[in-house]
Amino acid sequence: MILYNVTINIEQSVHDQWLHWMQSKHIQDVLATGKFTSARMVKVLVEEEGSTTYSIQYTAENKEKLESYYREDAPRLRQEGLALFADKMLAFRTELQVISEHFPKSALQ
């Protein structure tokens, strides 16, 4: 399993508009590509003046699905965000491979 993590710092001046767009449109558009099985949006808990940082974690079954996303979908989907929010956001992307997952024993019973 591969996690495609997109960390985005968004300026407060467009925060509400961006958050609505992400939750109601962009994440669904990424999922609609069929390359990912799920997505999770989390807020990075750091004190920042004038901006907020989020991490959106998309789950792909394998590296091939992620590479397919990069080739077939990413340019178009990234362009939309840049057109709307341009210099008001800063994004960086990280690929993570899930090695194992662990849960409390009581959760498994």
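Buried, in this talk, means under 20% relative accessible area, exposed means over 50%, and partly exposed is in between, with a 1.4 Å probe and protein chains only. Hello everyone, and let me start with a residue that needs that definition. Ser51 has a relative accessible area of 12%, so Ser51 counts as buried.

A word on the source before I go on. This is a predicted model, where local features need pLDDT of at least 70, side-chain atom pairs count only at pLDDT 80 or more, and totals for chains, interfaces and linings use all residues. Residues are numbered from 1 along each chain as its sequence is written, and side-chain values use heavy atoms, with hydrogens and water left out.

Now the overall picture. The protein chain has four helices and four strands; these are DSSP runs, helices being H or I with at least four residues and strands E with at least two, numbered from the N terminus. The C-alpha trace spans about 45 × 35 × 20 Å along its principal axes. Of the 109 residues in the chain, 35% are buried. The accessible surface is about 7100 Å², and carbon and sulfur atoms account for 52% of that; the areas come from the Shrake-Rupley method with a 1.4 Å probe, and for residues only the protein chains shown count as cover.

On to contacts, which here means heavy atoms within 4.5 Å. Taking contacts between residues at least 6 apart in sequence, 75% join residues at least 24 apart.

Back to Ser51, which sits in strand S3. What does Ser51 touch, not counting residues up to four places away in sequence? The partners are Asn9, Ile10, Glu11 and Gln12. Ile27 is 24 residues from Ser51 in sequence, and their C-alpha atoms are 20 Å apart in space.

Thr59 also belongs to strand S3, and Thr59 is buried because its relative accessible area is 12%. Beyond its neighbours within four places, Thr59 contacts Met1, Ile2, Leu3, Lys35, Phe36, Thr37 and Ser38. Over in strand S2, residues 38-43, we find Lys43. Lys43 is in contact with Thr52, Thr53 and Tyr54, again leaving aside neighbours within four places in sequence.

Next, the core. A nonpolar core is a set of buried Ala, Val, Leu, Ile, Met, Phe, Trp, Tyr and Cys residues joined through side-chain atoms within 4.5 Å. The largest one has 23 residues, and those with the most contacts inside it are Trp18, Phe36, Tyr58 and Tyr69. Two or more residues come from each of strand S1 (2-11), helix H1 (15-31), strand S3 (51-60), H2 and H3. Which element gives the most to this core? H1 does, with six residues. Tyr69 is worth a click: not counting residues up to four places away, Tyr69 touches Tyr4, Val30, Thr33, Lys35, Phe36, Ala74 and Leu77.

Helix H2 (residues 63-72) and helix H3 (residues 74-85) pack at about 60°, their axes 5 Å apart. That makes H2 oblique to H3, because angles under 35 degrees count as roughly parallel, over 145 as roughly antiparallel, 65 to 115 as roughly perpendicular and the rest as oblique. The axes are lines fitted to C-alpha atoms, for helices over the stretch in contact, and angles run from 0 to 180 degrees between N-to-C directions. From H2, Tyr69, Tyr70 and Glu72 meet Ala74, Pro75, Leu77 and Arg78 in H3.

Finally, look at Ala86, in the loop between H3 and strand S4 (89-97). Most residues other than glycine have a negative phi. Ala86 has a positive one, near 30°. Is Ala86 buried, exposed or partly exposed? Partly exposed, because its relative accessibility is 42%.
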